[in-house]
Every structure is written in structure tokens, then in C-alpha cells.
Amino acid sequence: ALALVAGSAASCARGATGPTPTPAPARDTVPPAPASAAELVRRMHDRYVGKWYKTLTFLQHNTLYRTGGGEDRSDWREYMAVPGRLRIEYLPGGKSGVIFENGRVHAFDAGKRVQTQTRIHPLLLIGADVYAIPPEVTLRRLDSLGVNLSAFRADTFAGSRVHVVGGARGDSVSPQVWIDADRLVALRIIERETRGTRTIVTDSRFTKYVEMDGVPVATEMLFLREGRPIFKEEYADVRINVPLSDALFEPSRWNETRP
């Protein structure tokens with residue numbers, strides 16, 4: 001082999017012509033980190049558009065951590081249609097619950113609608129809708145939630161590299177989202193709201209994902225206030241892309257559409 005190499009080199013030196021060598025294939029390169037919130041949202045959308053689940057159903061086991069100690073347990077049944085629709089039934093019975101649809105939330109008690117409010121659900125937006133709606137729509141909705149889109153940086157969280165939108169380093173109270181840099185899924189969402197004279201900051205964390213049909217599906221969440229866990233969700237009987245009737249998400253048909 002060394003002789004062949006030497007002979008080829010000699011031929012080239014004499015000006016001999018021969019087949020052009022095939023260049024070595026380029027190694028896979030890691031794309032540069034996004035430089036802005038807009039670029040990050042576009043990458044999230046493009047990574048999973050057409051691949052993300054269209055529906056998600058699960059049984060949710062809840063743990064409420066009481067301020068004075070102790071825990072309360074409850075179960076909910078949930079049905080999601082991406083984008084923008086979510087039905088939550090409080091068990092047992094399922095007569096009480098909520099429906100999120102078209103930027104509104106409808107609350108039901110004992111089968112009767114008791115309240116309707118305008119609200120964008122941040123967990124639904126960044127946990128699912130971002131992969132199905134145009135990036136510019138996601139950005140407008142983040143802006144309406146008070147997320148400062150010009151505040152963009154890299155950080156780490158729970159052992160993962162993350163992109164943070166909405167908060168400077170050390171800021172744990174401004175509305176913001178934390179996105180896993182590799183999988184491009186949400187790891188943390190911080191919300192801030194005013195209730196009377198109080199400011200409430202909720203830190204929502206996606207603590208577990210499971211791969212299903214090639215996409216990461218969240219199966220556990222933990223919610224904190226003032227650094228203390230207040231609520232935990234664990235999902236069982238998780239199913240994706242199960243056909244769901246549109247009637248499930250129509251507030252006027254809450255009682256007549258039993259899944």
C-alpha cells in the first residue's frame with residue numbers, strides 16, 4: 001500500500017493525470033445556537049411540524065402539597081387536541097372541569113357552566129401548540145403573556161443545556177420559558193400574575209418525558225411557588241393520536257359528550 005501511495009505521488013509530480021479523488025464526506029456538524037427568541041421558536045416548530053401528536057389523552061394523578069404539611073390526592077381525565085383545545089374532567093363523576101378553546105377557558109361545576117374567561121394557556125402553547133401553529137403566532141402569544149422576547153440567553157437546567165426567553169440570569173420572577181437545547185421541548189415555564197394586592201409567581205417544570213412514536217411526550221410535571229412544591233401531576237394511560245370528536249371541546253355540549 002505504501003508503494004502504491006508513493007507511485008501515485010510520483011505520477012502527480014510528473015504531471016500525470018488520473019481520476020479526481022473523491023473528497024471525504026463532511027462530518028456532521030452541530031448547528032449554531034439560535035440567536036433570538038424568534039429563531040428558537042422557528043426551530044421548535046420546524047423540528048416537529050407534521051410529526052407532533054394531534055391528540056393526547058391521559059389519566060392525571062394529582063398531589064397537592066398543603067402549606068401546613070400533608071398531601072391531598074385527586075384524579076383528572078384529560079383530552080387534548082392540538083392546537084389549542086383541552087378538556088379536563090375532575091374525577092370521580094366528570095361533571096365538573098374546564099375546557100380551553102380558542103383562547104378562552106370555560107369552567108363547569110356539577111354539569112353547569114359557571115365562568116368563561118379569556119386566557120392563553122402557556123403550558124398548552126409551549127408544550128404542544130408551538131409545533132402546529134405558525135411561529136409568528138406563537139411569538140405574538142408569548143408577548144401577550146408578558147414574556148420579554150428580547151431577553152434571550154443560554155443556560156443550564158436539571159443537567160441540560162437550555163435556551164431561556166424572557167429572563168436575565170438570576171431572574172426567577174419574570175414571565176419566561178426554558179427550552180431544552182437538544183430536544184427543543186419545554187423544561188420550565190414561569191408565570192407571574194396579580195391577585196388583588198398579591199403577586200403570584202408559579203414555576204412550572206416538565207420533569208419527565210417519554211418517547212412515543214418518535215416524539216417526546218411529557219408524563220410528569222411539578223409546580224412550585226416561592227421555591228416550594230405546591231402541586232404535582234403524574235400521567236397514566238397516556239395515548240396519542242386517538243380520534244376525538246370536536247364536540248368534546250364545545251362548551252355548550254359539556255354534558256352530552258361523554259367520551
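**Entry 1: helix H4.** I began with what the buried residues of H4 pack against, and found H2, helix H3 (122–127) and strand S9 (176–180). A reminder to myself: this is a predicted model. Next I listed which residues of H4 are buried, and got Pro-135, Val-137, Thr-138, Leu-139 and Leu-142. I also checked what follows the helix: just after H4, Gly-146 has a positive phi of about 90°.

**Entry 2: H2 against H4.** I wanted the geometry of this pair. The axes of H2 (residues 37–48) and H4 (residues 135–144) come within 9 Å and cross at roughly 130°. That angle makes H2 oblique to H4. I noted the hand as well: H2 passes H4 in a right-handed crossing. Then I looked up who meets whom. From H2 come Ala-37, Ala-38, Val-41, Arg-42 and His-45, and from H4 come Pro-135, Thr-138, Leu-139 and Leu-142. Pro-135, Thr-138, Leu-139 and Leu-142 were on my list of buried residues in H4, too.

**Entry 3: the whole chain.** I stepped back for the totals. The protein has four helices and 13 strands. Of its 259 residues, 43% are buried. Among contacts with a separation of 6 or more, 43% join residues 24 or more positions apart.

- S3 (residues 85–91) and S4 run antiparallel and are joined by five bridges. Glu-89 has Gly-97 in S4 as its bridge partner. Four residues lie between these strands, and Gly-93 in the turn shows a positive phi of about 100°.
- S4 (residues 96–101) is joined to S5 (residues 104–109) by five bridges, again antiparallel. I found Phe-100 opposite Val-105 in S5, and Glu-101 bridged to Arg-104. This hairpin has two residues between its strands, and Asn-102 takes a positive phi near 50°.
- S5 pairs with S6 (residues 112–118) over six bridges, in the antiparallel sense. Phe-108 stands opposite Arg-113 in S6. Two residues separate the strands here, and Ala-110 in the turn has a positive phi of about 50°.

I then asked myself how many of the residues of S4 are buried. The count is six of six, so to speak: S4 is mostly covered. Both faces take part, with Ser-96, Val-98 and Phe-100 on one side and Gly-97, Ile-99 and Glu-101 on the other.

**Entry 4: His-163.** Is this residue buried or exposed? It lies in strand S8 (residues 160–165). His-163 counts as buried because its relative accessibility is 6%, and the cut-off for buried is under 20%. Leaving out residues up to four places away in sequence, I listed what His-163 touches: Ala-33, Pro-34, Leu-40, Phe-152, Arg-153, Val-177, Trp-178, Ile-179 and Ala-181.

**Entry 5: the core.** Last, I looked up the largest nonpolar core, which has 56 residues. Those with the most contacts inside it are Trp-52, Tyr-53, Leu-56, Met-80, Ile-126, Phe-206 and Val-217. In soluble globular proteins, nonpolar side chains tend to be buried together. Beyond its neighbours within four places in sequence, Tyr-53 contacts Met-80, Val-82, Gly-127, Ala-128, Val-215, Val-217, Ile-240 and Asn-241.

Key. Residues numbered from 1 in each chain as written. Predicted model: local features only at pLDDT ≥ 70, side-chain atom pairs only at ≥ 80, totals over all residues. Heavy atoms only, no water. Pairing = 2+ DSSP bridges. Buried < 20%, exposed > 50% of the residue type's maximum accessible area, 1.4 Å probe, protein only. Contact = heavy atoms within 4.5 Å. Core = buried A, V, L, I, M, F, W, Y, C linked by side-chain atoms within 4.5 Å. Axes fitted to C-alpha atoms, helices over the stretch in contact; angles between N-to-C directions. Parallel < 35°, antiparallel > 145°, perpendicular 65-115°, else oblique. Left-handed = near helix turned anticlockwise from the far one by under 90°.
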